[in-house]
Amino acid sequence: MVIQVSYQETIIIALFRIIQFVAICMPVYLVEFIIGYFKMQKELQEIEKMRVVSQIAASVSHEIGNPLTTVKGLLQVFREKDLSLEKRRNLTEVALHELNTAINIITDYLTFAKPQIEKMTFLNLSEEL
């Protein structure tokens, strides 16, 4: 059994298939494009955050160096044997204060640099199961 199809019907069928193909491909392409766009936006935000963190790291390293240099100098002064007990206590307080300053700077930097949890959602497992 041979079905005869005219030239005009063949063109219509071919156009229908092309339109059908485009109608399927376009939404898929648009969805993929939008997903890629949002992923790229998120990556750009992370890159920007890391750039800022690296700039802050340079500043932090300088700020940490100041109190550590002070503590180093105070320890060198402690080597002297003729320091009075009162002077040693005062220098110890200054050294502890400088170390606390360095610790606070490091803590602030680490708090800023660590990844943040974006959104937490609590699930009721019994309900979900």
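1. Let me start with one residue. Ile-106 has a relative accessible area of 38% and is therefore partly exposed, falling between the limits of 20% for buried and 50% for exposed. This isoleucine belongs to helix 2, which covers residues 85-113. Please keep in mind as you read on that the model is a predicted one.

2. Which distance in space goes with the 49 residues of sequence between Ile-106 and Ala-57? From C-alpha to C-alpha, Ile-106 and Ala-57 are 9.7 Å apart.

3. Now set a second pair beside that one. Met-40 and Glu-80 are separated by 40 residues in sequence, and their C-alpha atoms lie 60 Å apart in space. Met-40 sits in helix 1, and with a relative accessibility of 46% this methionine counts as partly exposed.

4. On to the overall architecture. The protein chain has three helices and zero strands, so the order from the N terminus is simply α-α-α. Its radius of gyration is 34 Å, whereas the globule rule gives 14 Å for 129 residues; the value is well over that rule, so the chain is more spread out than a compact globule. Along the principal axes, the C-alpha atoms take up a box of roughly 120 × 40 × 20 Å.

5. How much of the protein chain is buried? Of its 129 residues, 9% fall into the buried class.

6. Taking the contacts in the protein chain with a separation of 6 or more, 71% are between residues 24 or more positions apart.

7. A word on charge. The protein chain carries 13 positive and 15 negative side chains. The centres of these two sets are 8 Å apart.

8. Lastly, confidence. The mean pLDDT of the protein chain is 87, and 96% of the residues score at least 70. Where is confidence highest, and where is it lowest? Helix 1, residues 7-78, has the highest value, at 90, while helix 3, residues 125-128, has the lowest, with a mean of 79. Met-40, discussed in point 3, is located in helix 1.

Note on methods
Residues are numbered from 1 along each chain as its sequence is written. This is a predicted model: local features need pLDDT of at least 70, side-chain atom pairs count only at pLDDT 80 or more; totals for chains, interfaces and linings use all residues. Side-chain values use heavy atoms; hydrogens and water are left out. Helices (H or I, at least four residues) and strands (E, at least two) are DSSP runs, numbered from the N terminus. The radius of gyration is taken over C-alpha atoms; the globule rule is 2.2 Å times the number of residues to the power 0.38. Buried means under 20% relative accessible area, exposed over 50%, partly exposed in between (1.4 Å probe, protein chains only). Contact means heavy atoms within 4.5 Å. Lys and Arg count as positive and Asp and Glu as negative; His and the chain ends are not counted. The place of a charge is taken as NZ of Lys, CZ of Arg, CG of Asp or CD of Glu. pLDDT is the predictor's confidence in each residue, from 0 to 100.
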